[in-house]
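Colleague: Hello! Could you walk me through this model, one question at a time?

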Amino acid sequence: MTERLNGPQVPGGDSAAGPSSGPRETPADPSLAPSAAGDSTGSPDSSAEADPEPVAPEPAASEPAVSKATASEPAAADTVATADEPPAGPVAAGYPTAAPPGAVAPAATAGGTADGTAKAPVRLTPSPRLAVLFLLPAILLMAAWMIYPVIYSIWRSLYDATGDRFVGLSNYLSIFTDSSTLTTIRNNIIWVVVAPVIVTALGLIFAVLTERIRWSTAFKLVLFMPMAVSLLAAGVIFRLVYEQDPDKGVANAVITTVHDAFSSSAGYPGARPRENDQAPAVLRDGAVVTRQQAQPGTPVLIPLVGLGQDVVKDAAPAKAAPGGDGLSGTVWLDVVRGGGGTLNQIDPQEKGLAGITVEAVSGGAVKATTETAADGTFRFSGLPAGSYEVRLPQDNFTAAFNGLTWLGPSLITPAIIGAYIWVWAGFAMVLIAAGLSAIPRDALEAARIDGATEWQVFRKITVPLLSPVLLVVFVTMIINVLKVFDLVFIIAPGSVQPQANVIALEMWRVSFGGGGNQGMGSALSIFLLLLVVPFMIFNIRRFRRDEG
Amino acid sequence: MTTLAEPRHARPVSRGLITRVTDRLGSGVVQIFMILIALFWLLPTLGLLVVSLRGETENNSSGWWTLLTKPAQITFENYSNLLASGFSSSFWNTVLITVPATLLVIGIAAMAGYAFAWIEFPGRDTVFLVVIALLVVPVQIALIPIAKMYGFLGIFGSIVGVVLFHVAFGLPFAIFLLRNFFVGIPRELLEAARMDGAPEWRIFATVVFPLAKPAIASLGIFQFLWVWNDLLVALVFADTDNQPMTKALQSQMRQFGTNVDILAPGAFLSLIIPLVLFFAFQRYFVQGLLAGSVK
């Protein structure tokens, strides 16, 4: 195992850090030796000539074996499809070692760059002036497009909408007092609290579970695919998913199907008894009940109106229920197409109402429940003699369930977060899977042999060993969520954008999307920058630790 | 050996049977769960494709999944209408923005990364820490100042302005990724070249650049996708003549209900090339991801 892991490294990054750099470090390096010593151990005597073993590898060696493995393993694990592609020479081996540690196993890079920065022999180092030449285009672009804008924005945020009047901090003040920006801050908080946790958790679950299926490559590709799709396209995709009409939006189509499977709402909205004294049934608390108590043996008639003929055009003609044992009766639409017919009597052209829930109530308690047949008849069998009130509960007459209003003001943020998870879960999964494949199998196997359940193995071994990767994924997601713009902009329809608004979108709306207040826009962008500063520091710290 | 194993052997057998059964059951449940998840992830994109292939009246009257029972509904009318309406010009704008923005970032970042990795100069570490700090700077911070600057330079609304913006904001990640790769290149190679007296330009071009192909591929695909898929920068800096697909489609979003026959094929066209690239180079894509998951 160890050999396989370390094998491809030899020509690449870690070897440069380790044994090979020791001898090369010449004493003729006085200017750089102190920095090497100071960076790592802080002891001046252990500089180059005193200790042929380079300083950097020491912290690496003290790390647990896991993180060491993590550094090299991604070489094999990080490709989704060609997981075990052999390294094609020094480059294929060197690249993953050089690059992934920053992301996957920060601790393991300890040597990699410290020697690159500190141990280049002076006589072979080209002049610093050359560095200026190499760096100039990049520095110019970053200075003009990134650093200058920060300074300009700070200055601009202290002025009003037109930029003529100095207003001090009042733009910042209004971020925290204006109700619409408060909504955006509230939404950003929801995003930051909910989305990174779900994405990381799903990524972890999927990464662990992909190890148990044979088609894990296909699975990873499917989940990872949204990363390649533009957020605009993802937005269009989810606008279609969230369409209100269950005949168009797949989300509501699924929800209504499931809902209808569990609640047998026949759906005769609007059906009601006639409102006159002759009608044998009346409306009470939304339910239709018989005016008189019914006795078994005498069929009950419950004529209803209020339904269009198209609702019952395929229904069977209503029939009178046969008498005999038990309580029986008919529920039907007491309307003849084109007029005519006898009120409260079953006429041949009139249609029965199928699938209506009927209850027999006695003393306020439901004694029996049945459902009408195609011709509208129903029968309670085995009911004790006595008198009952026949009731058609309100459920029969409520409107059919039409799904959720995903894109309405109350559900819009959860709906967009759902789309966000769809886009990013694959990213988390791939990163975590790369870390997972670096965990030594021996540790897991040993725990299993000792009788640990899968859950215990997961909880006590896998998750703790993965925690550096999980942290990286989590932090990456927080940074990303703070800047979320496209998905909200595209998925939220114009009318609910105020309710779905987030800081990055509000910044655009205020300064370009019709707001025309660049003072406020600058303040918002500075606010956004301040929010990511902690993560900037996190990245810098992580990098410095990695570089030893 | 066998005698040693004997006493431990007794219990695991009975437990082994149980675990075998539960494992099989468990893996069955896992299989089904994973199939459902995969379907869940595929369905939305499939829906977009099907909607883009159905006529307007069908889309208004029934769900896209009814295509499963009525395959005759398929039509390419939406696509031909879309292309006839001038969408292809925004496609070319996307290409004209993405290709230079990708190539420039690779070239400029490779030079800078080389300097950070292999040339000594005072303040190198500090400058590199600034680059790392710039990794997470939000695009929003630059919109207003750069709009002013472009107005002053007279390139507001032009493709050049959009490209330069993407190049600048792509640089920190690109430098970070390439520098970390260059540092891992065996120094023997460089030193041999330097001993031979090769100028730094030639070492860079003939030794480092060819060795760095995998890293450059990772960076290239990342930057390509980032620029191709961008909406915000185009929204602010590209005017209607120079707008890429994303901006062209965004302008249709307002009437989403009636514009599905434009939006669905447009969105699908815009994601074909990224998807093809993704499947062709996913190896490098993932490597880039692992290398720089900070942006």
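Modeller: Gladly, and let us begin with a term: a salt bridge is a side-chain nitrogen of Lys or Arg within 4 Å of a carboxyl oxygen of Asp or Glu. This is a predicted model, where local features need pLDDT of at least 70 and side-chain atom pairs count only at pLDDT 80 or more, while totals for chains, interfaces and linings use all residues. Residues are numbered from 1 along each chain as its sequence is written, chains are lettered from A and ligands numbered from 1 in the order in which they are written, and side-chain values use heavy atoms, leaving out hydrogens and water.

Colleague: How many salt bridges does the rule find across the interface of chain B and chain A?

Modeller: Contact here means heavy atoms within 4.5 Å. By that rule, 120 residues of chain B are in contact with 126 residues of chain A. Yet the number of salt bridges found across the interface of chain B and chain A is zero.

Colleague: Which helix gives the largest share of the side of chain B that touches chain A?

Modeller: Helices are DSSP runs (H or I, at least four residues), numbered from the N terminus. On the side of chain B that touches chain A, 19 residues, the largest share, come from α12(B).

Colleague: Which side chain of opposite charge is nearest to B:Asp261?

Modeller: B:Asp261 sits in helix α12 (residues 256-291) of chain B. For charge, Lys and Arg count as positive and Asp and Glu as negative, with His and the chain ends not counted. B:Asp261 is buried (under 20% relative accessible area, with a 1.4 Å probe and protein chains only). It has no salt bridge, and the nearest side chain of opposite charge, 11 Å away, is A:Lys248.

Colleague: Is B:His166 buried or exposed?

Modeller: B:His166 lies in helix α6 (residues 159-183) of chain B. Because its relative accessible area is 1%, B:His166 is buried.

Colleague: Why does B:Trp92 count as exposed?

Modeller: B:Trp92 is found in helix α3 (residues 77-118) of chain B. Exposed means over 50% relative accessible area. B:Trp92 therefore counts as exposed, with a relative accessibility of 52%.

Colleague: How many residues of helix α13 of chain A are buried?

Modeller: Helix α13 of chain A covers residues 216-224 and is mostly covered. Among its buried residues are A:Phe219, A:Leu221 and A:Phe224.

Notes
Helices (H or I, at least four residues) and strands (E, at least two) are DSSP runs, numbered from the N terminus.
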